[in-house]
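Here is a predicted model, taken up in questions and answers. Each answer sets a value against its criterion.

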Amino acid sequence: LFDILRAKSEARLPAILSPAEVRGILRCVRTKHNHAFLNTVSACGLRLQDAQHLEVTDIDSQRLMIHVHRGKGAKDRFVPLPHATLTILRTHWRSHRNPRLLFPACGRAGRSAATATTPMAKSSVQGAFRHAKRAAGVAKRGVSVHTLRHCYATHLLEAGVNPRVIQRHMGHASLESTMRYLHLTHKGTEDAYALIDRVMEGL
């Protein structure tokens, strides 16, 4: 009986940063390879593991898209690639010219990237993010690299992007997963109030 009546676990809303806070953190990333990595995560709404395993051939510069392979649930998807991020990635790749990996492990001396067969370590990126967050003066709790993905979805909703489009770019299995980000913004509510007021005014 107690197994049946087990209480549901609390669903906590993730921490969200403003666009200015995101830009502030990225400006404080010291190393170029970590800056390129975190910028890509932020600008494309990627999971840390998605970005880790990006390969050179996954970048479609003509269509300005990134092909994310083997995402969560082993699902592939295409994600829009902003021009500014493409420029950063090109500069980053020229610094190591690894034939396969976009974000190869640099090694202790930082000279092993060209021949590396494994991607950058999660701990390296996470450490760089924590240092940048402190340097930027962001004191919000629960902020991590994954927060950049949450910010991506929330900021797109605030900009008026169709939730179905965001669902596809995020790789969410259901629209319900995407719509939870509506709880993190007042934009939709403000727009709804204005529309309701305009419609009802003519009655």
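Q: What makes strand 1 and strand 2 a hairpin, and which residue in the turn has a positive phi?
A: Four residues lie between strand 1 and strand 2 in this hairpin. Leu 64, in the turn, has a positive phi of about 55°.

Q: How many bridges join strand 2 to strand 3, and how do they run?
A: Four bridges join them, and the strands run antiparallel. At least two are required, so strand 2 and strand 3 count as paired. Met 65 stands opposite Pro 80 in strand 3.

Q: What is the order of the strands in the open sheet?
A: The order is 1-2-3, with antiparallel pairing of the three strands.

Q: Why are strand 1 and strand 3 called edge strands?
A: Strand 1 (59-60) and strand 3 (77-80) each pair on one side only.

Q: Which value does phi take in Arg 97?
A: Phi of Arg 97 is near 55°, again a positive value in a residue other than glycine. Arg 97 is found in the loop between helix 4 (83-94) and helix 5.

Q: Why is Arg 97 called partly exposed?
A: Its relative accessible area is 48%. Buried means under 20% and exposed means over 50%. Arg 97 falls in between, so it is partly exposed.

Q: Why does Arg 141 count as exposed?
A: Arg 141 has 78% relative accessibility. The cut-off for exposed is over 50%, so Arg 141 passes it. Arg 141 sits in the loop between helix 5 and helix 6 (147-158).

Q: What separates the C-alpha atoms of Arg 141 and Ile 16?
A: The distance is 9.8 Å, although the two residues are 125 residues apart along the chain.

Q: How do you know that Lys 133 has no salt bridge?
A: A salt bridge needs a side-chain nitrogen of Lys or Arg within 4 Å of a carboxyl oxygen of Asp or Glu. For Lys 133, the nearest side chain of opposite charge is Glu 21, 11 Å away.

Q: Where does Lys 133 lie, and what does it touch?
A: Not counting residues up to four places away in sequence, Lys 133 touches Ile 25, Val 138, Lys 140 and Val 143.

Q: How much of the protein is buried?
A: Buried residues make up 38% of the 203 residues. The accessible surface comes to about 12,600 Å², and 54% of it belongs to carbon and sulfur atoms.

Key. Residues numbered from 1 in each chain as written. Predicted model: local features only at pLDDT ≥ 70, side-chain atom pairs only at ≥ 80, totals over all residues. Heavy atoms only, no water. Buried < 20%, exposed > 50% of the residue type's maximum accessible area, 1.4 Å probe, protein only. Areas by Shrake-Rupley, 256 points an atom, 1.4 Å probe, with all protein chains shown as cover. Lys, Arg positive; Asp, Glu negative; His and termini not counted. Contact = heavy atoms within 4.5 Å.
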